[in-house]
Amino acid sequence: MITFTLCLLALIAGYFIYGRFVERVFGPDDRKTPALTKADGVDYIPLPTWKIFMIQFLNIAGLGPIFGAIMGAKFGSASYLWIVLGSIFAGATHDYLAGMLSIRHDGESLPEIIGRYLGVTTKQVMRGFTVILMILVGAVFVAGPAGLLAKLTPEVLDTTFWIIVVFLYYILATLLPIDKIIGKIYPLFAIALLFMAVGILVMLYVKHPPIPELTEGLQNTHPDASLLPIFPIMFVSIACGAISGFHATQSPLMARCMTSERHGRPVFYGAMITEGIVALIWAAAATSFFHDNGMDETNAAVIVDSITKSWLGPVGGILAVLGVIAAPITSGDTAFRSARLIVADFLGLEQKSMRRRLYICIPMFLLAIALLLYSLKDAAGFDLIWRYFAWSNQTLSVFTLWAITVYLVRVRKGHYFYITYIPALFMTAVCTTYICVAPEGFGLGVQYAAVIAILAAVVAACLFNRWYFKTTKKLW
């Protein structure tokens with residue numbers, strides 16, 4: 001438990017120390033925010049800071065910090081390091097700066113921000129790429145919570161019934177003003193999710209289960225280690241618990257509701273650190289489960305159900321599972337909402353009118369239903385969509401990090417652009433290597449992973465450095 005405790009303390013310290021440093025680099029001020037200058041009663045609505053934090057936390061949480069951390073725990077103590085270092089230096093920095101750029105640019109959606117700094121061509125690609133990713137999120141975040149709800153209710157209320165209920169909720173949450181449903185029920189969902197995390201955390205110290213220590217080394221303990229190397233597989237498996245491009249698509253939703261730039265660190269950086277803590281807790285709990293039951297279990301929902309019921313009892317287990325259900329549901333609905341806003345920004349459609357919202361949402365929901373039906377054919381279909389989502393998610397973080405890096409150079413932040421330049425290089429190597437070695441990608445042998453990673457980083461560094469020296473020569 002020494003490693004776990006140190007990692008937990010490091011995440012908390014990271015918020016107060018590195019988070020404050022990143023905040024100083026950006027330099028929030030007292031200018032009026034888009035929530036005040038563009039209020040429309042639908043998406044631009046001023047909300048209390050505590051409520052914005054709750055919504056942002058639930059928006060970005062999803063299944064990633066729970067299911068991803070559980071699967072990532074199979075890789076051993078390296079997973080703890082990635083959760084801590086990734087959350088502090090990559091994920092939270094990525095989330096904070098992306099959210100603050102949205103505030104500075106009147107609540108712009110992520111593709112517009114990326115295009116502003118990486119060019120028109122990149123913007124057009126990111127528009128399509130991001131909308132597809134949002135629809136993938138909406139599709140994959142239906143089946144998981146529906147399955148868990150079916151376990152908690154009578155047999156007549158089966159998975160199909162709950163899929164329909166969840167999807168109908170998604171439709172309402174996407175179309176209605178943000179303060180009508182999301183603003184009212186998210187605080188309750190957040191309480192359930194945080195209760196779950198705190199309950200498991202307390203039981204970790206009560207039970208004191210065997211957890212790998214860093215002193216034992218960083219070897220890959222995954223049962224399929226020969227096929228699934230730590231690099232890059234673990235760095236994609238633990239996505240939302242360390243860094244996730246999906247987060248940057250959610251930040252503009254809250255950027256349109258914040259009344260002060262100075263609330264950015266607790267909302268954006270703080271929500272990511274909180275998610276990292278949740279991921280760390282579940283990685284530790286999963287390690288205990290694998291120690292007692294072996295690593296053959298691959299269904300994270302089964303592991304969650306087993307841990308919560310055995311550690312927290314029937315009532316606590318139900319509340320904890322409800323928290324796990326709330327996380328993906330509250331990411332799925334805002335994924336569709338983000339997709340609507342991205343398309344609206346692209347087409348220049350105002351969103352006060354319900355009719356114009358329906359123009360965008362009807363084809364979007366039809367595509368999501370088609371993907372959902374495909375994923376429900378068998379487990380292989382769902383796994384394939386999930387893996388493509390995971391890679392697309394991390395790839396989006398790469399483009400976001402590079403866009404932020406260009407911004408930091410252009411606004412003359414000195415050498416502070418390195419706070420996103422280094423994570424951008426690393427994640428470029430991760431995503432490029434993953435799509436090359438993964439079965440759903442090019443399926444190359446893992447022995448080529450290191451070579452591909454180095455080449456990807458070198459090419460990215462050369463392209464950026466060439467632009468940097470050309471640009472700074474003009475600036476300075």
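Me: So what do the side chains of Asp-43 and Arg-337 do?
Reply: They meet in a salt bridge, 2.9 Å from N to O. Keep in mind that this is a predicted model.

Me: Where do Asp-43 and Arg-337 sit in the chain?
Reply: Asp-43 is in the loop between helix H3 (34-37) and helix H4 (49-61), while Arg-337 is in helix H14. They are 294 residues apart, so the pair links distant parts of the chain.

Me: Is Asp-43 buried or exposed?
Reply: Asp-43 is buried, because its relative accessible area is 3%, and under 20% counts as buried. Arg-337 is buried too, with a relative accessible area of 0%.

Me: Why can side chains pair like that at all?
Reply: Opposite charges can pair when the charged atoms come close.

Me: How many salt bridges does a search of the whole structure find?
Reply: Eleven. One of them joins the side chains of Glu-112 and Arg-127, at 2.9 Å from N to O. Glu-112 lies in helix H7 (residues 110-118) and Arg-127 in helix H8 (residues 120-152), so this pair ties together parts that are 15 residues apart in sequence.

Me: And are Glu-112 and Arg-127 buried or exposed?
Reply: Both are buried.

Me: What about Asp-29, which residue does it form a salt bridge with?
Reply: With Arg-31, and the closest N and O atoms are 2.7 Å apart. Asp-29 counts as partly exposed because its relative accessibility is 23%. Arg-31 is partly exposed as well, at 42%.

Me: Which residues are linked with Asp-29 and Arg-31 in a network of salt bridges?
Reply: Arg-104 and Glu-261.

Me: New topic: which residues make the nonpolar surface patch?
Reply: Ile-2, Leu-6, Leu-9, Ile-12, Phe-16 and Ile-17, and the patch is about 630 Å². Phe-16 belongs to helix H1 (residues 2-16). Phe-16 counts as partly exposed because its relative accessibility is 43%.

Me: Why do residues three or four places apart point the same way in an α-helix?
Reply: Because there are 3.6 residues a turn.

Me: What about Ala-10, where is that one found?
Reply: In helix H1. Its relative accessibility is 28%, so Ala-10 counts as partly exposed. Leaving aside neighbours within four places in sequence, Ala-10 is in contact with Val-84 and Ile-88. Leu-101, by contrast, is 27 Å from Ala-10, C-alpha to C-alpha, and 91 residues along in sequence.

Me: How many Å should helix H10 span?
Reply: Its 26 residues (182-207) should span 38 Å at 1.5 Å a residue, and the end C-alpha atoms are 37 Å apart, which agrees. Just after H10, His-208 takes a positive phi of about 50 degrees.

Me: Last one: what's the mean pLDDT of the protein chain?
Reply: It's 85, and 93% of the residues reach 70 or more.

Conventions. Residues numbered from 1 in each chain as written. Predicted model: local features only at pLDDT ≥ 70, side-chain atom pairs only at ≥ 80, totals over all residues. Heavy atoms only, no water. Patch = residues over 30% accessible without salt bridge, like charges linked within 9 Å, V, L, I, M, F, W, Y side chains within 5 Å. Areas by Shrake-Rupley, 256 points an atom, 1.4 Å probe, with all protein chains shown as cover. Salt bridge = Lys/Arg side-chain N within 4 Å of Asp/Glu carboxyl O. Helix = DSSP H or I, 4+ residues; strand = E, 2+ residues; numbered from the N terminus. Buried < 20%, exposed > 50% of the residue type's maximum accessible area, 1.4 Å probe, protein only. pLDDT = per-residue confidence, 0-100. Expected span 1.5 Å × (residues − 1). Contact = heavy atoms within 4.5 Å.
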